[in-house]
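Visitor: I would like to learn how to read a protein model step by step. Could we go through it together?

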Amino acid sequence: MRRRRISRKEPSGDSKFNSKIVAKFISMVMYEGKKSVAENIVYDAFERVKTQLNEADAMKVFHKAIENVRPRLEVKPRRVGGATYQVPVEVKQQRGVSMAMRWMRDFARGRKGKSMTDKLADEIISAYKGEGSAIKKRDDTHKMADANKAFAHFRW
């Protein structure tokens with residue numbers, strides 16, 4: 001190998017909680033490079049979560065919501081012979097967290113009629129309670145992996 005290995009840049013924590021996961025979530029919510037707007041949306045959503053659930057720590061709620069939404073299995077297409085099989089594979093922790101945050105963001109954006117802060121807070125609360133669109137997406141992903149268990153031997 002001639003080229004040198006690229007070292008992964010470690011993200012710094014966010015300004016309020018000094019958490020790398022929150023910093024990543026802010027970057028995901030960010031639209032057109034407007035990071036301060038995304039920070040305000042996420043922090044205000046955390047405040048709404050605290051008031052609606054009467055919880056002292058919004059970070060615990062956020063981490064529990066991500067843990068509830070995080071998929072354990074997914075399917076990846078594998079081409080064997082002339083056919084393409086959907087092969088179930090385990091999801092690594094980092095990818096699972098990333099998928100969970102992406103799903104929560106996308107379903108929050110898809111809700112109608114409220115501000116993004118309200119929609120994001122509602123999505124976090126519903127994920128925390130184990131209900132809502134992101135949880136349904138996780139369940140559908142798990143069902144798909146379960147249905148294709150017969151092709152697990154194609155995993156390599």
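Visitor: In which helix is Lys64 found?

Guide: Lys64 is found in helix H3, where helices (H or I, at least four residues) and strands (E, at least two) are DSSP runs numbered from the N terminus. Residues are numbered from 1 along each chain as its sequence is written. This is a predicted model, in which local features need pLDDT of at least 70 and side-chain atom pairs count only at pLDDT 80 or more, while totals for chains, interfaces and linings use all residues, and side-chain values use heavy atoms, with hydrogens and water left out.

Visitor: Is Lys64 buried, partly exposed or exposed?

Guide: Buried means under 20% relative accessible area, exposed means over 50%, and partly exposed lies in between (1.4 Å probe, protein chains only). Lys64 has a relative accessible area of 42%, so this residue counts as partly exposed.

Visitor: What is the pattern of helices and strands along the sequence?

Guide: The protein has six helices and two strands, and read along the sequence they follow the pattern α-α-α-β-β-α-α-α.

Visitor: How do the axes of H1 and H3 cross?

Guide: Axes are lines fitted to C-alpha atoms, for helices over the stretch in contact, and angles run from 0 to 180 degrees between N-to-C directions. The axes of H1 and H3 come within 11 Å and cross at roughly 70 degrees. Angles under 35 degrees count as roughly parallel, over 145 as roughly antiparallel, 65 to 115 as roughly perpendicular and the rest as oblique, and H1 and H3 are therefore roughly perpendicular to each other.

Visitor: Which residues of H1 and H3 meet?

Guide: Contact means heavy atoms within 4.5 Å, and Ile21, Val22 and Phe25 in H1 meet Met59, Phe62, His63 and Ile66 in H3.

Visitor: Which residues in the largest nonpolar core touch the most other members?

Guide: In soluble globular proteins, nonpolar side chains tend to be buried together. A nonpolar core is a set of buried Ala, Val, Leu, Ile, Met, Phe, Trp, Tyr and Cys residues joined through side-chain atoms within 4.5 Å. Of the 35 residues in the largest such core, Phe62, Met104, Leu120 and Ile124 touch the most other members. The elements giving two or more residues to this core are H1, helix H2 (35-53), H3, H4, H5 and H6.

Visitor: Which residues of H4 are buried?

Guide: Met104 is among the buried residues of H4, as are Gly96, Val97 and Trp103. What covers the buried residues of H4 includes helix H1 (20-29), helix H3 (58-69) and strand E1 (73-80). Leaving aside neighbours within four places in sequence, the contacts of Met104 include Phe62, Ala65 and Ile124.
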